[in-house]
Amino acid sequence: MNKKDAFKEINMLQDEYIDELIRIINSPDYKNLKAINFTSATGTGKTKMMSKLINKFSDYFFIITTLSKGQLHLQVRNNLIKDCYKNNFIVYGSADYKINSKLDAESIINKIPLMTKCIWLRDEGHIKTNRFDELLLDKCYKVINFSATNQYSDIQCNFTQTMMLRTVHQTNGTPEEAINKLLEIKAIHKNVAKYNPCAIFRCVGGDEKLYDRIIELCNKNKLKHIDITNENFIMSELCEDDNEYDVIINKFKLIEGIDIRRAHVLYMDNQPSNNATTIQAIGRCRRNALLYREDIDILSPENEELLKGTRECYVYYNVEKMKVSTDENGELQMAFCNHISCEALKPNTTIDVVNGQLPNGLFVLELEGETGKFDIKIDEDTGFNIVTPLTRFYDVSINGLKNYVYTYTKKIHIDNIPKLKLITAEKRTDYDTGEIYIRECAPYYRLAETNYLETNVKCTISNDIRQIFKNYKSNYRAELIRLKLDNRCLDELIKRIDYSKYKKEYLKNYVDDYVNTNIKKFGMKQFCHLLSTLGDKKVSIKLGDNLKTYCLNDFCDEYDLLLFQFYYIELKKRKIPNDFLSKPIERFIKLMLVPSFFSVKDNTLTKRLIYALFDEQYNIYNKKILYSPFEPFFVTRTSNEVVKISEKDITTYFSYIDMLLNNQDYVFISINGIVSKISEILKNAESSFNNNIIPNVKYSFESLYEKLDNEEEFMIKNNYIKPRFFITQKQLEHYNSYTEYDKIENDKESAIIGVDLMKQIKFMDNLVWIESSSVSAKIGNFDKLNIFLSNKYSHELAQASSQYFSGKNNFKLDKKCNSIIGYCTEYYSKYLVYGKAYLAQFIEQAQKELCSDLINDNIIIRACMLKYKEMMARSFGTRVSKIIKGIPVQQLIQEKYNYFINLVVELGTKTANYVKRTLYSDRPMIDNIDPNLSIRHIAGLADYITTDTILDVKVRNYIDETCVRQVLAYHYLSTKRSDLNINRVIVYDAVSDKSVIIDINKTQEG
């Protein structure tokens, strides 16, 4: 797009809307319509369109009034004089007449030529007034209200795709941030001749300190400022691109209409309480000034960086927390959000995008990643806008539900679990004797381990392979192994340690001085306490099948403990965190429990081990200690592969031995033990080969596992999914899972009706624009989904209308409890319907929060909150879980929540009873249907769902059309699923114990 094309597009759209206005003025159908509301966004040239209208009605006389604050009427008058062919108009502003003055009104009326029709154009017509309305309405043929914020519209103009408006970034901020942003913008525009970007500071709160702070900032940064509150200025001069004032301070001026295009920054000392004021105020800095300059073409390639900087502007609110709001027509979104749907564009037009971005900076959601020209057309099937040619946005995408069991790092489908090795017996080590024995166990599958070893596997082995192995084996004589393991076998290493390096008195003084110096310092109290109680610190060690608890005092004398304290202080100086400091104690105790490996038998063993653990020369505490000798494997195969052995397998086998022997991070307990073990396993392997047996084969099941996606990682990290290390054969046989299904996640129809206005949310203290996908949000506004539902389900809506009822809750709940009573009721009822297993994981989590094994209604309702959070994250995305409200269990047990708890139990019990007799009178009460109905652009989570019915639970004491629309939207989503054939939808209200039941028209099922 070039500058000529940009203005051609703007003029074409303006002409189209004026032609539409003329058709309404002349149409017999609108003969009795006196007032016409013409709505167009701030900065889209309403005065220019007035002149176009006046020029097309040259035989009419026009009265133009502007009632906005400031000198708007002068600006309007000057522009009309410049653009109109005839002098068939007159312009009045607020200062030109007095309120309710009949004489002045008659004076205006007398200006109308005899025998001439008069049209009254009310600029900023959204402003309420009683100034001679009665007289002018009687004398004028039509009254046309031009405004960006009419309460309703006969004509709604759409200039979203044009270059006329800047995209606005809004945030809460300080005057300093606003001034700094202005300085940035000035730097971007420094090479634009006769152009002085400015900032507007709107100060309506009367805060003198804030006012003085703004003045001080202007002076500090050498910015020239003007306060226009008292109208001691000429507005037309202030609007000039090269006006000298950098900062304009005002109270109510510059809210409507004034065309000050060089304003790039707006600072407001509050956040307006209504959307209309916000829209009007930000309009002062939305106009794209450089587009109208004759001396520069911002659309030329050499001005690409300037275009990026000049097509954006910034709004700051002096509030601690910003309100996030949208308006029905999307004006706030169009101002603040740089992502739009093609529904926001005018149909039967052509747009040009680069990577989905319009020249004005807006991104079109349907054109993500696309470059080129696209037409905006009306889809014949839905009646809404689409882009053509169709893009990937509309492609059919099929996904579905597969039942997985999760570990911390991967997942496996339940059908693949029986393909794993079934463990029926386990190896155990007797730490007292060092012997290994086999113990039978209940059959189970290891999930966290994707490999297992099998011994003595029969296989035909050639003589060549036997000879290759023999050649490798000759390189592992005992003396060569000893050389490689020098200083890495504890039994040899501790013999050389000088354990008298530090005297006891020195150690005691050092520790005491450190504690006395640091115990009162910030962040040191916990560590100093740890030092003083180090001997009593308990560590649990698993020996065979038993878990035993030990402490340092079980093994150490006073000198040993002083050594531990001394080295812990050294670790602390190296910034080792407190949580890590239990590792050396655990390692020391484990070593002390295997004394048979050490030749040192006197009381110096403990001291030697402490030195070996901590001294920088050895640093054993930070290395991997191999307590038992290793057994390398020969072959890695999948479970269904035929086992063969090759030269590569032999090479890999010895490479593994080399890795262990050469790795300086590995430490062995006994030099004699490792040498004899390697000699033994090599000798046994050679013997096995001669008998056509492979000693060890590693089977890999990695191919049965799948990677986690980002959502699943989040769910595991935040305890929404409980990972497993193993699953027993019996558990797998009775594994409770949802019925698997395929789902059409996206298709042309759902993509068209699903994408609508974006919404802004607070996430991690930042404002984020996201697609407004939830059914409950969509049916709350008059948008595409509502229109679609009205057409598709007209029969069902008519069927429901006679069942609606009204009422009002009288709950004595605070705001928070009132907002969560609905979902708590629903999930408590599910606990009663489906049993304890439904909330088992979350009951356990709630018990941990309370440090109790108790199960009562407080615990169950806390579990309901946790379950709801998990379901919302799974259905609506992980970000949603951050804003879900709940109450900690420590608070729920307080007396002030007794009423809330009792109310949930009462309503949940009523709901459960209704569900049991309505949904499960003829079938088992099993939670086996996934309630997550979400597709790509429409997210929905059903309350209760079976293969043929959806039931939605309300706690309102009324059911109206909005409630029914929600459950009908769920029905639409259900048609995308292969496991569902919903022919009945129900809205149940737990307060009244009443419901609305709708049989789905058979035509919908096709």
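Let's begin with an open sheet of three strands, in the order 19-20-30 with antiparallel pairing; strands are DSSP E runs of at least two residues, and helices are H or I runs of at least four, both numbered from the N terminus. Two strands pair if DSSP finds at least two bridges between them. This is a predicted model, in which local features need pLDDT of at least 70 and side-chain atom pairs count only at pLDDT 80 or more, while totals for chains, interfaces and linings use all residues. Residues are numbered from 1 along each chain as its sequence is written, and side-chain values use heavy atoms, with hydrogens and water left out.

Strand 19 (404-406) and strand 30 (705-707) are the edges of the sheet, each pairing on one side only. Strand 20 (residues 410-413) pairs with strand 30 in the antiparallel sense over three bridges, and K411 has E706 of strand 30 as its bridge partner.

Now turn to helix 17 (residues 558-573) and helix 19 (residues 605-614), which pack at an angle of about 5 degrees with their axes 10 Å apart. That makes helix 17 roughly parallel to helix 19, a label for angles under 35 degrees. On helix 17, the contact (heavy atoms within 4.5 Å) is made by Y559, D560, L563, F564, Y567, Y568 and L571, and on helix 19 by T606, K607, I610, Y611 and F614.

Finally, six of the eight residues of helix 9 (residues 275-282) are buried, so helix 9 is largely enclosed by the rest of the structure. Buried means under 20% relative accessible area (1.4 Å probe, protein chains only). The buried residues of helix 9 are T277, T278, I279, Q280, A281 and I282.

Note on methods:
Axes are lines fitted to C-alpha atoms, for helices over the stretch in contact, and angles run from 0 to 180 degrees between N-to-C directions. Angles under 35 degrees count as roughly parallel, over 145 as roughly antiparallel, 65 to 115 as roughly perpendicular and the rest as oblique. Buried means under 20% relative accessible area, exposed over 50%, partly exposed in between (1.4 Å probe, protein chains only).
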